[in-house]
Amino acid sequence: MNIVFVGDVVGACGRRALREQIGLLRERYAPHFLIVNGENAAAGKGITRAIAKELFSLGVHAITMGNHTWDQKELLDWIDDEPRLVRPANYPDGTPGVGVTMLHQGTYTLAVMNVMGRTFMQPIDCPFRTFEQQIASLPRVPI
């Protein structure tokens with residue numbers, strides 16, 4: 001399985017660079033899954049629904065978020081309807097959206113999990129404990 005992960009697509013210039021280079025990434029790596037970090041896609045401050053749609057239209061399979069997840073308040077209106085948008089799993093229980101999503105492509109299944117560290121960040125649940133809990137709860141796929 002080939003996975004391409006593009007970190008921190010920032011603002012219009014980052015989205016333009018992704019649009020311009022996505023063909024090369026596909027040609028060079030033939031990814032089964034393409035994942036991008038989009039927490040800064042709206043001028044460095046979160047993501048909007050229109051920007052998420054733009055990224056998905058490029059063939060992005062999932063968008064991860066981080067400490068700027070909630071910078072665009074409109075996200076609260078649609079995050080629960082978009083399981084391909086993955087906010088940090090170590091946000092408190094009851095936080096809108098998902099911290100883990102399952103992607104399927106042909107015979108491949110991929111769990112995309114997002115946990116956020118705590119160094120220089122606001123207090124948040126332990127990423128290591130959250131990771132272990134989330135991994136333990138994933139469905140087992142036969143090999």
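Modeller: Start with helix H2. Its face turned away from the buried side carries the exposed residues Ala-50, Lys-53 and Ser-57. Keep in mind that this is a predicted model.

Colleague: Which residues of helix H2 are buried?

Modeller: Buried means under 20% relative accessible area. In H2, residues 49-57, that holds for Ile-51, Ala-52, Leu-55 and Phe-56. They cover an arc of only 140° around the axis, so they sit on the same side of H2.

Colleague: What do the buried residues of H2 pack against?

Modeller: Look for contacts with other elements. Here the partners are helix H1 (11-29), strand S2 (33-37) and strand S3 (62-64).

Colleague: Which residue with a positive phi follows H2?

Modeller: Gly-59 does. Its phi is near 100°.

Colleague: Now the strands. How many bridges join S5 to S6, and do they run parallel or antiparallel?

Modeller: Count the bridges, then check direction. Strand S5 (residues 100-105) and strand S6 (residues 108-113) share 6 bridges and run antiparallel.

Colleague: Last, the cysteines. How many disulfides does the structure hold?

Modeller: A disulfide needs two cysteine sulfur atoms within 2.5 Å. The structure holds 0.

Colleague: Is Cys-126 buried or exposed?

Modeller: Compare its accessibility with the cut-off. Cys-126 has 12% relative accessibility, so it counts as buried. Cys-13, at 49%, is partly exposed.

Methods:
Residues numbered from 1 in each chain as written. Predicted model: local features only at pLDDT ≥ 70, side-chain atom pairs only at ≥ 80, totals over all residues. Heavy atoms only, no water. Buried < 20%, exposed > 50% of the residue type's maximum accessible area, 1.4 Å probe, protein only. Pairing = 2+ DSSP bridges. Helix = DSSP H or I, 4+ residues; strand = E, 2+ residues; numbered from the N terminus. Arc of directions from axis to C-beta. Contact = heavy atoms within 4.5 Å.
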